[in-house]
Amino acid sequence: VTLKDGADKKELENAKKTVTDQGGKVTHEFKLIKGFTAEFPADKVHTLSTNDHITVENDGEVKTQ
């Protein structure tokens, strides 16, 4: 989960609260970018993805060429 450009920092705190309120857990907070990783019930992800101030991405493998 990352904060979109121009969004207020409080929106990231709101997103973390949404994660815990919906039964998820924040697993890592980033220092260089405004964001965090979380374990979140799949049936509740829509509660985060509808937030206009953040970007939600699925965890996945990253490869180099």
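Mentor: Contact here means heavy atoms within 4.5 Å, and the model we are reading is a predicted one. With that cut-off, and leaving aside residues up to four places away in sequence, Leu3 touches Asp8, Lys9, Glu11, Leu12, Lys34, His53 and Ile54. Leu3 also belongs to the largest nonpolar core, a set of 10 residues made up of Val1, Leu3, Ala7, Leu12, Ala15, Val19, Phe36, Phe40, Leu48 and Ile54, and the largest share of this core, 3 residues, is supplied by helix α1, which covers residues 10-21.

Helix α1 itself has 12 residues and spans 16 Å from its first C-alpha to its last, close to the 16 Å expected at 1.5 Å a residue. Its buried residues are Glu11, Leu12, Ala15, Lys16 and Val19, and, seen down the axis of α1, they fall within an arc of 145 degrees, so they line one face of the helix. On the other side of α1, by contrast, Lys10 and Asp21 are exposed.

The cover over the buried residues of α1 includes β1 (2-3), β2 (25-29), β3 (36-39), α2 (46-49) and β4 (54-55). As for what comes after the helix, α1 is followed by Gly23, whose phi is positive, near 95 degrees.

How values were computed: Residues numbered from 1 in each chain as written. Predicted model: local features only at pLDDT ≥ 70, side-chain atom pairs only at ≥ 80, totals over all residues. Heavy atoms only, no water. Core = buried A, V, L, I, M, F, W, Y, C linked by side-chain atoms within 4.5 Å. Buried < 20%, exposed > 50% of the residue type's maximum accessible area, 1.4 Å probe, protein only. Helix = DSSP H or I, 4+ residues; strand = E, 2+ residues; numbered from the N terminus. Expected span 1.5 Å × (residues − 1). Arc of directions from axis to C-beta.
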